[in-house]
Amino acid sequence: MYKLIEFIRSIYVVVLFIAIEAIAIGHYARSTHYARARLLAKATQVVGAGHDALAGIRRYFRLERENRDLLEYTARLQERLSAYETADKTLFEITAEAPTTDSLATDATETPDAIQRILNDPQYRTLTAAVISSTISKPENFFVLNRGTRDGVKREMAVISASGAIVGYVVHCTKGYSIALSVLSSSFRTSGMLSGSTYRGSIYWDGADPHTVLMGDLSKYADPQPGREIETNGSLFFPDGVKIGRILDAQLDETGTTYTVRVELDARLSGLSHVILVENRDLDEIHSLMQSDSIGHYIQH
Amino acid sequence: MYRTFPYLTLLAATVLVQVYLFDNLSISIYFAPMIYLAYVLLLPLDTSHFALLVAGLCTGWLMDYTMGTDGLNIISTLPVAFLRPWIIAAVYNREDPHEGGIPSTARFGRAKFFRYLVVCVLLHHLIFFSFEALSWVHLHRTLLRIVISSASSVCFLWITARLFTLKLTTRIG
């Protein structure tokens, strides 16, 4: 109580000043229409600026949630995009394999069903995760993600950044967490394609620069001009068309048959906070097919 | 209360000069000296903060009443009264400016007293003319009014202070 009285005593002059000043301004504002209009406009400006500042603070604290929502939305869009791309490819293959008029007529009834099946049951499933920790300076680099098997994470799920660029793939998961092998790892391999062409190469990291990877075995007929985009194609883990990066420079090998291209990574791996996980639902089927006896029979012969 | 009569005389004299002389001068719209601030500015250094606020309120109200300005003088005089202790502390540069005496050239020195007058007058005129204009459209004119009127006010306040302290020479030191 004593402290309260002391506090009031220490500020009563300030309060009195503010009160008298406010009353005087209020009285002055009512004196003429001009003063009323101008002061009202100024007061609105001040109040508006205050509300704006408060809204800015509120927005700042909502950013984390908005970021997560946006990432989930991006993941859903990625899923839909992959489904439509698969459907588009299927449609192209059906029409390409149907040279006669009769078979076109037959396929015309089957095509919408096939497309609908792909769209209703897409090949890729996505979910989002936050990056708990990561490394970029070791020969083998990893990301620890805050999603595990209970969230639906599986081994060999592709990991891509919020902007849709490759980051790595899941190599191990527990109930609540998972570990992804970074694209910046000497054991990481995937298949890349020169955007807008059919020329493919193998993507790997030479351990030199955490911002660039190499693309080897690119045909000498490709035109790897600096700035051209490289995207995934024909990978078991990654959907087609996921950005890898842009060409920095290219060098023809000693044999003169293939290029080795330096590619600047699109994803900024050192500052990743959230990622999208992509599951290829056909992967188990592909694995079991590859391990089947019939394949072993061909290998033996 | 000691010095009550001299201060009441100062208030009455400055208000009368302001109302009957300066407010009737039509030299220029940029020339509007305000001498009535002398009462607030020349109150003794040991005047309490509350008493300063009351003095500012009374002076402002009296001027609003006589000039018909509906609160404009209170709006501009009250901040001067409220901030006066801090302005004096900044200008006077002593550990305890509340040791008594009248703010004057004899007590502060010419330079410091001049700075004290300039800061207080500029603060007052800035608020007064800004609220009077209530617009940034003719900002350069408002600024010119502030500068010229402040200069003239400081001159007249300096003279007023000299006249006032001449009468109280024995009590200043």
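User: At which residue does H1(A) bend, and what makes this a bend?

Analyst: The place is A:Ile11, where H1(A) bends by about 50 degrees. That value is the angle between axes fitted to the seven residues ending there and the seven starting there. The model is predicted.

User: How do you know what span helix H1 of chain A should have?

Analyst: The helix covers residues 2-29, which is 28 residues, and at 1.5 Å a residue these should span 40 Å. Its end C-alpha atoms are 39 Å apart, so the two values agree.

User: Which residues of H1(A) are called buried, and what makes them so?

Analyst: They are A:Phe17, A:Ile20, A:Ala24, A:Tyr28 and A:Ala29. A residue gets this label if 20 or more other C-beta atoms lie within 10 Å of its own, so each of these five residues reaches that count. In chain A as a whole, 26% of the 301 residues count as buried.

User: What do the buried residues of H3(B) pack against?

Analyst: They pack against H1 of chain A, and also against H1 (4-20), H2 (38-41) and H4 of chain B. The buried residues of H3(B) include B:Leu52, B:Leu53, B:Gly56, B:Gly60 and B:Met63. After H3(B) comes B:Gly68, with a positive phi near 70 degrees.

User: Which residues is B:Leu78 in contact with, leaving aside its neighbours within four places in sequence?

Analyst: In chain A they are A:Phe17, A:Ile20, A:Glu21 and A:Ala24, and in chain B they are B:Leu53, B:Gly56, B:Leu57 and B:Gly60. Contact requires C-beta atoms within 7 Å, so each of these residues meets that limit with B:Leu78.

User: What makes the largest nonpolar core a core, and how many residues has it?

Analyst: It has 49 residues, and B:Leu37, B:Ala38, B:Leu42 and B:Leu78 have the most contacts inside it. The name requires buried nonpolar residues joined through C-beta atoms within 7 Å. H1 of chain A gives two or more residues to this core, as do H1, H2, H3, H4, H6 (110-133) and H7 (139-167) of chain B. The largest share, nine residues, comes from H4(B). A second, separate core of 44 residues includes A:Leu71, A:Val213, A:Ala267 and A:Val275.

User: How many residues does each chain bring to the contact?

Analyst: Chain B brings 14 residues and chain A brings 13 residues. On the side of chain B that touches chain A, H3 (49-67) and H4 (72-92) each supply at least two residues. H4(B) gives the largest share of that side, five residues. By class, that side of chain B has ten nonpolar, three polar and one charged residues.

User: Why are E10(A) and E11(A) said to pair, and in which sense?

Analyst: Pairing needs at least two bridges, and E10(A) and E11 (residues 258-265) of chain A have seven, so they pair, in the antiparallel sense. One of the bridges joins A:Gln251 to A:Thr260 in E11(A). The two strands form a hairpin with five residues between them, and A:Gly256 in the turn has a positive phi of about 75 degrees.

User: How many bridges join E9(A) to E10(A)?

Analyst: There are three bridges between E9 (residues 229-232) and E10 (residues 243-252) of chain A, in the antiparallel sense. A:Glu231 has A:Lys243 in E10(A) as its bridge partner.

Terms used: Residues are numbered from 1 along each chain as its sequence is written. Chains are lettered from A and ligands numbered from 1 in the order in which they are written. This is a predicted model: local features need pLDDT of at least 70, side-chain atom pairs count only at pLDDT 80 or more; totals for chains, interfaces and linings use all residues. Two residues are in contact if their C-beta atoms, placed from the backbone, lie within 7 Å. Helices (H or I, at least four residues) and strands (E, at least two) are DSSP runs, numbered from the N terminus. Ala, Val, Leu, Ile, Met, Phe, Trp, Tyr, Cys and Pro count as nonpolar, Asp, Glu, Lys and Arg as charged, and the others, Gly among them, as polar. A residue is buried if 20 or more other C-beta atoms lie within 10 Å of its own, exposed if 12 or fewer, and partly exposed in between; C-beta atoms are placed from the backbone. The expected span of a helix is 1.5 Å times one less than its number of residues.
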